[in-house]
Amino acid sequence: MLNFNYYTPTKVVFGTAAEEKVGALVKAEGCKKVMIHYGGQSAKKSGLLDRICKSLEDENIAYCMLGGVVPNPRMSKVYEGVELAKKEGVDFILAVGGGSVIDSSKAIGYGIANDCDPWDVYCGKVEVKGCLPIGAVLTIAAAGSEMSDSSVITNEEGWLKKGFSSDYCRCKFAVMNPELTYTLPEYQTISGCTDIMMHTMERYFNMCENMQLNDGLMEALLRNTMVYTKVLLNDPMNYDARAEIMWAGSLSHNGLFNAGNDGGDWATHRLEHECGGMFDVTHGAGLAAVWGSWARYVMDANPARFAKFAVNVMGVEPAADDAATAVKGIEAMEAFYREIKMPTSLTELGINPTDEQIEEMADKCTGGDTYTVGCMKKITKADAIAIYKMAK
């Protein structure tokens, strides 16, 4: 195992009516003016925003509001948020939504705290020295951004999608009421479950010695998420299943599973980011669509790791050798995706990129072939093209 640092400063307030504690949580941060950042109309129609506003008012905390965040959050909304926050003297951002809203909030926070174009942060042109404090009221279990150090933003100019990580952006608190996810459409719920699993799998598939304890934790989270994903398909109002999935989402991406290993592969995420940037597909579904092709392309770099996944997570019987067991595990994972109505190819995802579009995605994925992605195999532009074509 490798040496590691583990830092998770986010306070979690979990359970029914947890959103009613927002005012007290913000007050404890010593902040005076909040920008409530949210997505579409569901937060308004459900009464969630009204409850949050009342909680802030009860603590005499002023606020302004900015809605309109979309999946694969856009820089245009980030710029709007920076302008509004400066105009209103905002000193705290409250993200009400899922990963897209939280990531948009983080980008706004970077822009204000560093007095810069926030896109320059994601392009590595700014030495980040802080982020406006952020809190989250989670309404979608998926991205894990409520406890992570990372965020991903899409720039409409060129449809570039980039991520950035730093401890500065970690949420001060995360409010998690599983009941707030009851109204999610089935596709969004299951895509979120898939994203949670992939955050864990990206870390599981690595090229170093691992802590058996962390391997076991990851394997348990994956098995547990698979069980409760299927429960939610049949019983979307099941509180216990919603709670299991919501907590899994946070644990999968708060840094715990990085402990003792090299951080994992992440090529599947990088490949999917370009699908999201070009075709605006749902992130979890896009991950499912490309994972099997990535896995087959890289498995020979570490067949023992894939075999362990096959046996301990997917429950397959060991075959004649690790490579054969690995293939059975990949097939079992794809069968699970089909069972939960997730795609296992780009065609099933609903897109059919041309050769030119595939080359463009591969080019963006590897920075014009100036760097590689992933650690199981170092994926070049040519490799990315091959994986995209396999995934069609």
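Select Asp215 and Lys308: their side chains meet in a salt bridge, N to O 2.8 Å (a side-chain nitrogen of Lys or Arg within 4 Å of a carboxyl oxygen of Asp or Glu). The pair links distant parts of the chain, 93 residues apart, with Asp215 in helix 8 (residues 212-234) and Lys308 in helix 12 (residues 303-312); helices are DSSP runs of H or I, at least four residues, and strands are runs of E, at least two, numbered from the N terminus. The model is predicted: local features need pLDDT of at least 70, side-chain atom pairs pLDDT 80 or more, while totals for chains, interfaces and linings use all residues. Numbering starts from 1 along each chain as its sequence is written, and side-chain values use heavy atoms, without hydrogens and water.

Asp215 counts as buried at 2% relative accessibility (buried is under 20% relative accessible area, exposed over 50%, partly exposed in between; 1.4 Å probe, protein chains only).

Next, select Glu334 and Arg296, a salt bridge with the closest N and O atoms 2.8 Å apart. Glu334 lies in helix 13 (residues 322-339) and Arg296 in helix 11 (residues 283-298), so the pair ties together parts 38 residues apart in sequence. Glu334 is buried at 8%; Arg296 is partly exposed at 36%.

Finish at Lys161, in strand 7 (residues 160-165). Which side chain of opposite charge is nearest to Lys161? Glu272, 4.2 Å away; Lys161 is buried yet has no salt bridge (Lys and Arg count as positive, Asp and Glu as negative; His and the chain ends are not counted).
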